[in-house]
Amino acid sequence: MINISSEERRALRARAHALNPVVSISQNGLTEAVLLEIARSLDSHELIKIRVYNDDREERETYLKTICETLDAVPVQHIGKLLVV
């Protein structure tokens, strides 16, 4: 997982504010197909929002960590049911 400074994170959060979620994680969880779609979206857009349809905050944190470790991405923000990568 890549680390960034707080200033870089703040700038990315500002850029992500106007974005709409491009990938959704539903009741089936973080499957290989979802990871592949996230990887494609990151390659195309570099900064994406992911909507998670799950009420468990710890599970959403686990999803964010797994996505970032698997795809060598940066966790920018986790707010509510939205993940910014």
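## Strand pairing and the sheet

In this predicted model, Ile25 stands opposite Val52, a residue of strand E2. The two strands E1 and E2 are paired in the parallel sense, and 4 bridges link them.

The sheet as a whole is open and contains 4 strands, arranged in the order E1-E2-E4-E3, with mixed pairing. Strand E1 and strand E3 (77-79) are found at the edges; each has a single partner strand, so one side of each is left without a neighbour in the sheet. From one strand to the next, the twist averages 20 degrees.

## Helices against the sheet

Two helices lie across strands of this sheet. Helix H2 lies across E1 and E2, and runs at about 165 degrees to E1. Helix H3 lies across E1, E2, E3 and strand E4 (82-84), and its direction is at about 25 degrees to E4.

## How the two helices meet

The helices H2 and H3 also pack against each other, at an angle of about 65 degrees and with their axes 11 Å apart. The crossing of H2 past H3 is right-handed. On the side of H2, the contact is made by Leu35, Ile38, Ala39 and Leu42, while H3 contributes Ile67, Thr70 and Leu71. Of the residues in this contact, 6 are nonpolar, 1 is polar and none is charged.

## The nonpolar cores

In soluble globular proteins, nonpolar side chains tend to be buried together. In this model, the largest nonpolar core has 17 residues. Those with the most contacts inside this core are Ile25, Leu30, Ile38, Ile50, Ile67, Leu83 and Val85. Two or more residues are given to the core by each of these elements: strand E1 (21-25), helix H2 (32-45), strand E2 (49-52) and helix H3 (57-71). Another core, of 5 residues, lies apart from the largest one; Leu47, Val74, Val76 and Val84 are among its members.

Which residues does Ile50 contact, leaving aside its neighbours within four places in sequence? They are Val23, Ile25, Ile38, Ile67, Lys81, Leu82, Leu83 and Val85. Among these partners of Ile50, the residues Ile25, Ile38, Ile67, Leu83 and Val85 are also listed with the most contacts inside the largest core.

## Arg57

Arg57 is found in helix H3. Is this residue buried, partly exposed or exposed? Its relative accessible area is 43%; buried means under 20% and exposed over 50%, so Arg57 counts as partly exposed. Along the chain, Arg57 and Arg15 are 42 residues apart, and their C-alpha atoms are separated by 24 Å.

Conventions: Residues are numbered from 1 along each chain as its sequence is written. This is a predicted model: local features need pLDDT of at least 70, side-chain atom pairs count only at pLDDT 80 or more; totals for chains, interfaces and linings use all residues. Side-chain values use heavy atoms; hydrogens and water are left out. A nonpolar core is a set of buried Ala, Val, Leu, Ile, Met, Phe, Trp, Tyr and Cys residues joined through side-chain atoms within 4.5 Å. Buried means under 20% relative accessible area, exposed over 50%, partly exposed in between (1.4 Å probe, protein chains only). Contact means heavy atoms within 4.5 Å. Two strands pair if DSSP finds at least two bridges between them. Axes are lines fitted to C-alpha atoms, for helices over the stretch in contact, and angles run from 0 to 180 degrees between N-to-C directions. A crossing is left-handed if the near helix is turned anticlockwise from the far one by less than a right angle, and right-handed if clockwise. Ala, Val, Leu, Ile, Met, Phe, Trp, Tyr, Cys and Pro count as nonpolar, Asp, Glu, Lys and Arg as charged, and the others, Gly among them, as polar.
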